[in-house]
There are 2 protein chains.
Amino acid sequence: MTLDQIQTPAALIDLTRMQRNIARMQSRMDTLGVAFRPHVKTSKCVEVAQAQRDAGARGITVSTLKEAEQFFVAGFSDILYAVGMVASKLPRAMALRRAGCDLKLVVDNLEAALAVAQFGREHGETFEVWIEIDTDGHRSGVQPDEARLIDIGRALHGDDTHHGARLGGVMTHAGSSYDLNTSDALAKLAEQERAGCVHAAERLRDAGLPCDVVSVGSTPTALAAQHLDGVTEVRAGVYVFFDLVMCNVGVCTTGDLALSVLTTVIGHQVDKGWAILDAGWMAMSRDRGTSKQTNDYGYGQPCTLNGAPLDGYVLMGANQEHGILANVDHPDRDIAAHLPVGTRLLILPNHACATGAQFPAYHARSEDGEVAVWDRFYGW
Amino acid sequence: MTLDQIQTPAALIDLTRMQRNIARMQSRMDTLGVAFRPHVKTSKCVEVAQAQRDAGARGITVSTLKEAEQFFVAGFSDILYAVGMVASKLPRAMALRRAGCDLKLVVDNLEAALAVAQFGREHGETFEVWIEIDTDGHRSGVQPDEARLIDIGRALHGDDTHHGARLGGVMTHAGSSYDLNTSDALAKLAEQERAGCVHAAERLRDAGLPCDVVSVGSTPTALAAQHLDGVTEVRAGVYVFFDLVMCNVGVCTTGDLALSVLTTVIGHQVDKGWAILDAGWMAMSRDRGTSKQTNDYGYGQPCTLNGAPLDGYVLMGANQEHGILANVDHPDRDIAAHLPVGTRLLILPNHACATGAQFPAYHARSEDGEVAVWDRFYGW
């Protein structure tokens, strides 16, 4: 299959860029001396995760139990489910472990820790659980100095072999890194993320509890960290494709973006300088992550089919199946001549995780122009 | 199946409310004396469309050829594909027509009209095409008074039986109605939508061209129209579920909202008054349609399981699989006691079309509490 045979809209992966992104991150992790556990929520695609593993990744991170199930069936066993566990999801987690999946769970509160241990005891299962640490205040987690960190650790660590849970380590995610845009600020946050998580691990160890794993990461902090002393592994997801939000954060350029949406011009409003595309928000997603950043790309950056950005033009509006492309500062009254009906374009997305999720499959294009269809899944 | 057996997050349909919404719209259309062609892009679910047909709808509107294919297989034949046609999609449209589907196409430019007619002639097919009219300047369409309207009509209307296309009518969608919030403004826009589309039809007829169908509509204008003289049919989509955006527009109340996301509390940040939910933007969608309206609901309005809104609380933030629930004006430091880990809630969405699209299936709950699983599809 080649590009002109694909029905639009379609989610296109530039494999040359993807492999370069994978190599860049893995090389950085190797230099820092830590294991790398990619977050596969970005792609939800077995072929992408296999490329990450082939480059040296050890284990994967998932955001849903469905991802754990799908990737386990596809041959991945070392899986961290990085969203706080609750009692109602334990039967599904147990089924995975009993099928041979080395699934790790996460908790950030005593109720959940007790629920996991109790369910494990009742069912003769020992769940490996990591405690989520809050190192930047942006979401979940126990702060490194909170007293309850030790209580949660004790709830997870039994003295007998029938305790139902065991404390495997600590993990954190400095997601506030998405709000930054200088290398100094990113390096500072990376150190805050590292130091906070290592400190939590030390407190647990000082209390006589085991804490083998110290897991940190987000794409920006992973790339900005100067050293990772005391950390055993890093997690990152969106780096595999990168996106316009990451361009604004400053960790990539538009030439690194490996995911785009292939679209067709279906009409114009010449007086307004608009081209109407068949990629609306159903294709791009509703993500407007660049709206509060330095460069606001609307719903995406249009490019020619060879990946060159159409400077000045953005996807300025989106309805469900219609996108509005325009040069906002210099309205293009000749747009129907520049981009006639039937013209195909690529749109770089604000947020690769959100845009990819809108598609049942990727079209993966290699350097020789050949296109393969790679399925992706969704749901929970 | 009952509510407590459903894994969260899940997309829940309140069937009592949905049937009431369907009856309300159909009754209004019956009173106005027009046919009703619901837009099934909102649900992409056969059972929902069947309920609309059972109530009196004639034909359906779709936003993708995949919807046309899926609904045709499910027994729907009278289908309007309401996004501008381009040459590359004609083989798929022809396959549907040859399988017996009464598929209608839409164009708003001469190039597309000529392409459809030429393809039809080359393949011995006569495509029924409607011309899209722009009655409010928000997106696509030919303005009612533009000279090219007649050119497009002539391109679609041949004198011989082997012309490849035939002009079936005109259609418009006053999507700018979503920006309004008073009944006077909505009634005025509904009249503008009606008058513009009827005027375009009259111009075509005055030029000796056929124009049987005059199709208008959006949920707000359909409900606000005082009369629809000259109109033959109305289209509307989101009314079947309604949503928070429609509440702000003023055409429904939260008690009408038939779609919600079932979620579980998975943690807290007590100092901040946050409850962390397992419904993030992957479940709610990234749609922030209420952000510029009178009431900004963040990523959604939390309710108890019986549908009562938790006044003052909103989903103030969302990561991929985490939602942050808070009372923004009056931070709730007792939130862990009010909404302990494991609590289940419903979240009303900003935009039903966007939220539904995140889920592979709906859980449809009838008045007796029984829950059925209704598949929905996605992609193009």
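Predicted model: local features only at pLDDT ≥ 70, side-chain atom pairs only at ≥ 80, totals over all residues.

**Between the chains**

I started with the count between chain B and chain A, which is four salt bridges. My cut-off for a salt bridge is a side-chain nitrogen of Lys or Arg within 4 Å of a carboxyl oxygen of Asp or Glu. Bookkeeping: residues are numbered from 1 along each chain as its sequence is written, chains are lettered from A and ligands numbered from 1 in the order in which they are written, and side-chain values use heavy atoms, with hydrogens and water left out.

I looked up A:Asp287 and found a salt bridge to B:Arg286, with the closest N and O atoms 2.7 Å apart. A:Asp278 forms a salt bridge with B:Lys89, also listed with its closest N and O atoms 2.7 Å apart. That pair crosses between chains: A:Asp278 sits in the loop between strand S11 (274-277) and H10 of chain A, and B:Lys89 in the loop between strand S4 (78-81) and helix H4 (90-98) of chain B. Helices here (H or I, at least four residues) and strands (E, at least two) are DSSP runs, numbered from the N terminus.

Are the two partners buried or exposed? A:Asp278 is buried at 2% relative accessibility, and B:Lys89 is buried at 5%. The cut-offs I use are under 20% relative accessible area for buried, over 50% for exposed, and partly exposed in between (1.4 Å probe, protein chains only).

The contact takes 56 residues from chain B and 56 residues from chain A, contact meaning heavy atoms within 4.5 Å. About 5,000 Å² is buried between chain B and chain A, and carbon and sulfur atoms give 52% of that. Buried area is the accessible area (1.4 Å probe) that two parts lose on being put together, summed over both. B:Arg139, B:Tyr378 and B:Trp380 supply 17% of the area that chain B buries against chain A, more than any other three residues.

I also got 26 residue pairs in polar contact between chain B and chain A (both at pLDDT 80 or more). A polar contact is a pair of N or O atoms within 3.5 Å; within protein, one must be able to donate a hydrogen and the other to accept it, and residues adjacent in sequence count only if both atoms are side-chain atoms. Which element gives the most to the side of chain B that touches chain A? That is S10(B), with five residues.

**Between the domains of chain A**

The domain assignment of chain A gives domain 1 (17-239) and domain 2 (254-375); the bounds come from an automatic or database domain assignment. Their centres, taken over C-alpha atoms, are 34 Å apart. Domain 1 of chain A and domain 2 of chain A bury about 1,100 Å² between them, 48% of it on carbon and sulfur atoms. A:Arg17, A:Thr42 and A:Glu47 supply 40% of the area that domain 1 of chain A buries against domain 2 of chain A, more than any other three residues.

I found one salt bridge across this domain interface. The side chains of A:Asp256 and A:Arg20 meet in a salt bridge (3.3 Å, N to O).

**Inside chain A**

Over all chains, the count comes to 32 salt bridges. A:Glu69 pairs with A:Arg92 in a salt bridge, closest N and O atoms 2.8 Å apart. This one links distant parts of the chain, helix H3 (residues 65-73) and helix H4 (residues 90-98) of chain A, with the partners 23 residues apart.

A:Arg194 forms a salt bridge with A:Glu191 at 2.8 Å between the closest N and O atoms. Both lie in helix H7 (residues 183-206) of chain A, three residues apart, about one turn of the helix. A:Arg194 is buried at 11% relative accessibility, whereas A:Glu191 is partly exposed at 30%.

Most residues other than glycine have a negative phi, and most peptide bonds are trans, so I went looking for exceptions. The peptide bond from A:Thr8 to A:Pro9 is cis, with omega near -5 degrees. In chain B, the bond from B:Thr8 to B:Pro9 is cis, with omega near 0 degrees.

A:Lys44 has a positive phi, near 45 degrees, and is buried at 1% relative accessibility. A:Ser285 has a positive phi, near 80 degrees, and is buried with a relative accessible area of 4%.
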